[in-house]
Amino acid sequence: MPNIQEFLGIAQNHLQQREWPQARQIFQNILQNDPYHLPTKQLISYLELQVGQFTESLRHIQELLAKYPKHSNFWHHKGIIHKSCQQYSEAIHCFQQALLIEPEHAQSLFDLSLTYSETKQYEQALVAAQHYLRLYPNSFDALRNYGYALKNNARYAEALEHYNRAIAINGQFAEIYNNRGNVYAALRENKKALADFNQSITVDSHYIGGYMSKGEALKKLGRLAEATDCYKQALAIKLKLPELLHNPELLEKVQRQWSDHIHQLLPGQKLDPDIRLAMMNLGLVLLLDGNYDLGYLLYENRQSREMRCPYLPIWLGTEAIIGKNLALYAEQGLGDTIQFSRFALDLDKMGAKVSLFVPETLFELLRYSFPPSIQIHLFNYDWQQPELHQKQFHFATPLLSLPLALKLTTQTISHAHSYLKVPEDANWSLMLGKKERPRIGLCWRGNPHFPMDQFRSLKIADFLPILTEESKNFEFISLQKDLSTDEIQQITALKIRDFSAYLCNFNETAKLCSQLDLVITVDTSVAHLCGALGLTTWILLPQQVDWRWLRQGNTSIWYQNVRLWRLHPNRSVYELLGDLQHELEAYFYPDAPSAS
């Protein structure tokens with residue numbers, strides 16, 4: 001009869017083949033005879049972690065720690081369990097405990113740095129990664145870990161150096177090419193990034209991260225069909241459905257089943273992040289291409305269960321809404337809230353009793369703009385806030401899920417003319433004074449914390465083509481808030497008027513914008529504000545355009561009075577704004593003689 005070591009060898013073979021039930025049965029048999037058999041307790045905890053049975057995995061490792069509290073490997077394993085449950089504070093504590101016991105515990109240093117990165121504690125991640133590299137200067141894992149930390153701290157040249165050193169040690173690790181490619185992508189060297197993503201797939205044709213990153217790179221290069229194939233390939237690998245690549249009907253069927261799964265999750269249950277991310281990215285490409293039917297369905301994967309109201313069902317258009325109390329809540333940026341709040345008006349007309357929960361800076365504007373039948377509440381992104389509890393709501397829906405619920409198409413967008421309004425305010429007329437020339441509002445940057453802000457925001461110096469001597473026929477007004485000292489000096493020198501001290505909320509910004517003849521803005525909340533007010537607005541779009549503006553055309557399906565100015569690979573910002581300056585003169589002074 002085999003002894004315990006032989007049984008463990010058989011069980012480990014089952015683990016390697018992912019034959020979980022067979023391995024578990026052997027472990028349980030061993031533990032019946034020896035409840036604290038150390039290798040078996042470790043292995044069964046590992047098994048339960050692999051199959052998502054986190055509570056059982058944690059139970060086994062806690063029993064071991066109760067008996068062996070100074071065992072660094074057990075603390076590390078406990079940290080991995082907490083990290084898998086997204087319990088990051090507990091994970092960090094466990095890794096730190098392991099390092100107190102064994103300061104050179106390599107895997108704890110590695111995972112501590114990664115956990116800090118996942119929680120956006122990038123400086124702490126860098127410190128842990130540096131310590132790891134000092135201890136193990138020629139370690140492949142230490143080098144790639146430090147490269148990842150450097151990238152997250154925007155130290156791209158150093159990150160590339162350490163990734164190159166890691167690749168010289170081990171060039172057959174797919175993830176390292178993917179990570180280096182992400183550094184090139186951050187540097188906007190998309191062709192180099194794409195080459196690395198291709199290499200990651202060459203090394204491992206089943207590496208999902210390579211397909212996801214390649215899809216992003218292709219999307220930036222405008223190669224949407226190829227990007228779509230990459231996201232499909234990632235899904236096909238993850239779902240073990242190779243036929244997904246060539247069967248759109250199957251893709252839609254899978255997504256509808258997955259969407260049902262999302263909304264039926266119980267609190268504490270997790271989504272598979274790879275599937276969710278692949279479907280969301282595929283949805284974004286489809287939306288960019290104008291495929292709203294399937295695009296919005298796939299875009300539902302943008303939200304995990306934890307980001308939604310935990311005690312109210314979501315309304316996605318299947319239930320009758322007449323007479324129902326419906327809570328709509330802001331979900332992403334301020335521009336998104338402005339853009340999608342229009343659908344509260346549609347639901348109100350459909351007979352729903354609508355309550356709209358919005359950030360404080362939008363509260364006054366929306367309360368004035370919408371009829372009394374739509375109740376406007378402040379939203380602090382806390383599901384326990386009294387307004388959500390005191391009123392008996394039937395449903396709670398994030399604003400960006402309403403296009404799916406309302407079966408929106410590119411032809412059926414409502415209120416494209418305008419749906420926001422502001423009261424006349426004599427104070428702004430007095431502050432601006434008598435108008436002698438057309439007034440042009442300028443907004444050159446958005447929220448710097450937005451992940452893609454580097455692609456959309458400009459500098460005031462970029463506007464020099466429209467601020468030349470020939471532009472003295474215009475009066476320029478800054479719509480920018482939180483100006484830096486340098487920006488204040490620049491706009492003063494350029495004779496751009498600054499009212500930032502008075503722009504305390506969107507109601508005041510809207511009042512100022514309504515006094516202007518034209519607003520020129522990058523793709524930020526000011527663009528949506530002016531579009532929703534029905535004001536003449538020109539929006540400067542980056543090469544990596546957001547899905548809502550579609551991938552071509554100079555008009556917007558969301559706002560009738562908006563004109564889109566697109567930056568192309570062979571057209572610099574300076575050239576784009578030079579063209580805009582000529583158009584500006586022609587727009588306001590059509591009878592003036594041409595400068596040429």
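Is Cys 230 buried or exposed? At 7% relative accessibility, Cys 230 counts as buried, because the cut-off for that word is under 20% relative accessible area. Keep in mind that this is a predicted model.

**Cysteines**

Let's stay with cysteines for a moment. A disulfide is a covalent bond between the sulfur atoms of two cysteines. How many disulfides does a search of the whole structure find? The count is 0. Take Cys 85, which is in no disulfide: the nearest cysteine sulfur belongs to Cys 94 and lies 11 Å away. To count as a disulfide, the two sulfur atoms would have to be within 2.5 Å. Cys 85 is also buried, with a relative accessible area of 16%.

Now for some helix packing. Two packed helices are described by the angle between their axes and the distance between the axes.

| Helix pair | Angle | Axis distance |
|---|---|---|
| α1 (residues 4-16) and α2 (residues 20-33) | about 155° | 8 Å |
| α11 (residues 174-186) and α13 (residues 208-220) | about 20° | 10 Å |
| α20 (residues 360-369) and α26 (residues 506-513) | about 55° | 7 Å |

Start with α1 and α2. Their angle is about 155°, and angles over 145 degrees count as roughly antiparallel, so that is the label for this pair. α1 passes α2 in a left-handed crossing. On the α1 side, the contact is made by Ile 4, Phe 7, Leu 8, Ile 10, Ala 11, His 14 and Leu 15, while α2 brings Trp 20, Gln 22, Ala 23, Ile 26, Phe 27 and Ile 30. Sorted by class, that gives 11 nonpolar and 2 polar residues, with no charged ones.

How about α11 and α13? With an angle of about 20°, they are roughly parallel to each other, because the cut-off is under 35 degrees. α11 passes α13 in a left-handed crossing. Asn 178, Asn 182 and Ala 185 of α11 meet Gly 209, Gly 210, Ser 213 and Lys 220 of α13. This contact has 1 nonpolar, 5 polar and 1 charged residues.

That leaves α20 and α26, which pack at about 55° and are therefore oblique to each other. From α20, the contact uses Thr 361, Leu 362, Glu 364 and Leu 365; from α26, look for Phe 506, Asn 507 and Ala 510. These residues divide into 4 nonpolar, 2 polar and 1 charged.

Notes. Residues are numbered from 1 along each chain as its sequence is written. This is a predicted model: local features need pLDDT of at least 70, side-chain atom pairs count only at pLDDT 80 or more; totals for chains, interfaces and linings use all residues. Side-chain values use heavy atoms; hydrogens and water are left out. Axes are lines fitted to C-alpha atoms, for helices over the stretch in contact, and angles run from 0 to 180 degrees between N-to-C directions. Helices (H or I, at least four residues) and strands (E, at least two) are DSSP runs, numbered from the N terminus. Angles under 35 degrees count as roughly parallel, over 145 as roughly antiparallel, 65 to 115 as roughly perpendicular and the rest as oblique. A crossing is left-handed if the near helix is turned anticlockwise from the far one by less than a right angle, and right-handed if clockwise. Contact means heavy atoms within 4.5 Å. Ala, Val, Leu, Ile, Met, Phe, Trp, Tyr, Cys and Pro count as nonpolar, Asp, Glu, Lys and Arg as charged, and the others, Gly among them, as polar. Buried means under 20% relative accessible area, exposed over 50%, partly exposed in between (1.4 Å probe, protein chains only).
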